[in-house]
Amino acid sequence: MTKLLTYFLLISFLSCNNKVQDEVKTDENHKKAPELNIAESDSLNLTELLADNPFELNISSKNLTEFPDLSSYEIHSLNVSNNKIKSIPQTKLPKKLRTLIANNNGITNFKLSNSIDALEKIDLSNNELDTFYVYKGSNKIILNNNNLVYVKFFGNNINYLDISNNSNLNNVVDFFPRGIDTILRNNILNKKPLYDFLQGEDGVIIIKD
């Protein structure tokens with residue numbers, strides 16, 4: 001009887017010990033889960049994500065570390081916010097993109113040449129931007145809470161520009177502010193109204209806060 005009891009106690013101990021080890025391994029695997037890199041992973045099936053609406057893609061909050069190559073897709077609206085993307089290469093953007101939402105990443109600069117059509121809306125707020133250059137203007141550009149020192153874009157169709165909380169950005173800018181309906185520019189370097197370096201201070205516009 002004593003031997004039988006000892007045998008059952010030993011089996012129970014080994015079973016509990018194995019369970020604890022399995023839980024530890026599971027926890028360690030969870031902690032060591034690699035950051036998702038869409039360029040190297042099939043975890044996100046773009047074809048499936050675009051099945052309901054081929055013109056709109058939302059891949060926000062996916063722990064992405066690189067911007068995916070979407071150049072072959074006819075996406076009009078793209079949301080890649082709340083990831084860990086450092087740059088957005090122009091060659092990877094959809095050719096007919098109209099809205100780009102990429103706030104809350106780690107993007108350091110953004111440049112679009114004249115080879116891509118103008119986006120209607122660009123939201124790059126809460127990044128690490130020091131440079132923003134777009135050859136063709138957009139209707140709405142949101143760049144607040146960055147590290148901007150240089151902003152340049154062309155076009156007279158801009159209705160809304162937010163460059164607030166860029167404490168290194170001077171009020172003498174490299175674009176024409178008089179044609180923009182609404183400009184938010186709280187907490188820029190010297191907190192003065194904007195004017196472009198060609199117009200001088202006589203070209204001061206009224207800021208609509």
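Q: Before counting anything, what counts as a helix or a strand here?
A: Helices are DSSP runs of H or I with at least four residues, and strands are runs of E with at least two, numbered from the N terminus. The model is a predicted one.

Q: Fine. How many helices and strands does the protein chain have?
A: Two helices and twelve strands.

Q: And in what pattern along the sequence?
A: The protein chain reads α-α-β-β-β-β-β-β-β-β-β-β-β-β.

Q: How many bridges join β6 to β8?
A: Four, between strands that run parallel; β6 covers residues 131-134.

Q: Which residue in β8 does valine 134 stand opposite?
A: Phenylalanine 153.

Q: Where does asparagine 82 lie?
A: In the loop between β2, residues 77-79, and β3, residues 99-101.

Q: Is that asparagine 82 side of things buried, exposed or partly exposed, and on what grounds?
A: Asparagine 82 has a relative accessible area of 39%, so it is partly exposed. That class lies between the buried limit of 20% and the exposed limit of 50%.

Q: What about phi of lysine 191?
A: Phi of lysine 191 is near 60°, again positive in a residue other than glycine. Lysine 191 is in the loop between β11, residues 182-184, and β12, residues 195-196.

Q: Lysine 191: buried or exposed?
A: Exposed, with a relative accessible area of 59%.

Q: Now the whole chain. What share of the residues is buried?
A: Buried residues make up 38% of the 209 residues in the protein chain.

Q: And the accessible surface, what does that come to?
A: About 12300 Å² for the protein chain, with 50% of it belonging to carbon and sulfur atoms.

Q: Last one: what share of contacts is between residues 24 or more positions apart?
A: Among contacts in the protein chain with a separation of 6 or more, such residues account for 13%.

Note on methods: Residues numbered from 1 in each chain as written. Predicted model: local features only at pLDDT ≥ 70, side-chain atom pairs only at ≥ 80, totals over all residues. Heavy atoms only, no water. Pairing = 2+ DSSP bridges. Buried < 20%, exposed > 50% of the residue type's maximum accessible area, 1.4 Å probe, protein only. Contact = heavy atoms within 4.5 Å. Areas by Shrake-Rupley, 256 points an atom, 1.4 Å probe, with all protein chains shown as cover.
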